[in-house]
Amino acid sequence: DRQASALVRSDGADVAVDLMGLTRRGRPGLMARRELAPVQAAYMGWAASPAAPYIDYTVADRLVAPPEQFGPLFRERLVHMPHSYYVNDYASSA
């Protein structure tokens, strides 16, 4: 994790986004170091709050995490995508 963290830091990232969350192949240790970027977010790999002190934001939508219902339960701030947090380009898949 130290080498990976140093590599990301050397790129000067402003935001680090964890795409795996607390899944089998996730690497929460990278985010836990708080060295990747000034802002750290969770997206896609875990459709719930990681409840981790090293995550600043979780990207969701209003169906998965209605702000009035789940907002108070999330440790981090919720960022809601306008339609769905699953990004797809249906026009190009036709």
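Predicted model: local features only at pLDDT ≥ 70, side-chain atom pairs only at ≥ 80, totals over all residues.

Biologist: Which backbone atom lies 2.9 Å from a polar atom of the Gln40 side chain?

Modeller: That is the backbone oxygen of Met31, which lies 2.9 Å from a polar atom of the side chain of Gln40. If we set aside the neighbours of Gln40 within four places in sequence, the residues in contact with Gln40 are Ala16, Met31, Arg34, Glu35, Tyr54, Ile55, Asp56 and Tyr57. Several of these names will return when we turn to the core and to the charged pairs.

Biologist: Then let us take the core: which residues make up the largest nonpolar core?

Modeller: The general idea is to look for buried nonpolar residues that are joined through side-chain atoms within 4.5 Å. Here the largest such core has 9 residues in all, namely Ala16, Leu30, Met31, Leu36, Ala37, Ala42, Ala52, Tyr54 and Ile55. If we follow Ile55 and do not count residues up to four places away in sequence, we find that Ile55 touches Met31, Arg34, Gln40, Ala41, Ala42, Pro50 and Glu76.

Biologist: Stepping back to the whole chain, how many helices and strands does the protein chain have, and in what order do the elements run?

Modeller: The secondary structure of the protein chain comes to 3 helices and 4 strands, and from the N terminus on the elements run α-β-α-β-β-α-β. The C-alpha atoms fill a box of roughly 40 × 40 × 25 Å, taken along the principal axes. Of the 94 residues in the chain, 30% are buried, while the accessible surface comes to about 6500 Å², of which 56% belongs to carbon and sulfur atoms.

Biologist: Which residues make the nonpolar surface patch of about 330 Å²?

Modeller: That patch is made by Val15, Val17, Leu19 and Met20. One of them, Val15, lies in strand β1, which covers residues 15-18, and Val15 counts as partly exposed because its relative accessible area is 45%.

Biologist: How should I read a pair that is separated in sequence, and how far apart in space are Val79 and Thr58?

Modeller: Val79 and Thr58 are 21 residues apart in sequence, and their C-alpha atoms are 6.0 Å apart in space. Val79 lies in strand β4, residues 77-80, and, with residues up to four places away in sequence not counted, Val79 touches Tyr57, Thr58, Val59 and Ala60. At 34% relative accessibility, Val79 counts as partly exposed. For the chain as a whole, among contacts between residues at least 6 apart in sequence, 39% join residues at least 24 apart.

Biologist: Finally, how many salt bridges does a search of the whole structure find?

Modeller: The general idea is to look for a side-chain nitrogen of Lys or Arg within 4 Å of a carboxyl oxygen of Asp or Glu. A search of the whole structure finds 4 salt bridges. In one of them the side chains of Glu35 and Arg9 meet, at 2.9 Å from N to O. This pair links distant parts of the chain, with Glu35 in the loop between α2 and β2 and Arg9 in helix α1, 26 residues apart. Glu35 also forms a salt bridge with Arg33, where the closest N and O atoms are 3.2 Å apart.

Biologist: Which salt bridge involves Asp56, and what parts of the chain does the pair link?

Modeller: The side chains of Asp56 and Arg34 meet in a salt bridge, at 3.2 Å from N to O. This pair, too, links distant parts of the chain, since Asp56 is in the loop between β2 and β3 and Arg34 is in the loop between α2 and β2, 22 residues apart.

Methods: Residues numbered from 1 in each chain as written. Heavy atoms only, no water. Patch = residues over 30% accessible without salt bridge, like charges linked within 9 Å, V, L, I, M, F, W, Y side chains within 5 Å. Areas by Shrake-Rupley, 256 points an atom, 1.4 Å probe, with all protein chains shown as cover. Helix = DSSP H or I, 4+ residues; strand = E, 2+ residues; numbered from the N terminus. Buried < 20%, exposed > 50% of the residue type's maximum accessible area, 1.4 Å probe, protein only. Polar contact = N/O pair within 3.5 Å; in protein donor to acceptor, adjacent residues only side chain to side chain. Contact = heavy atoms within 4.5 Å.
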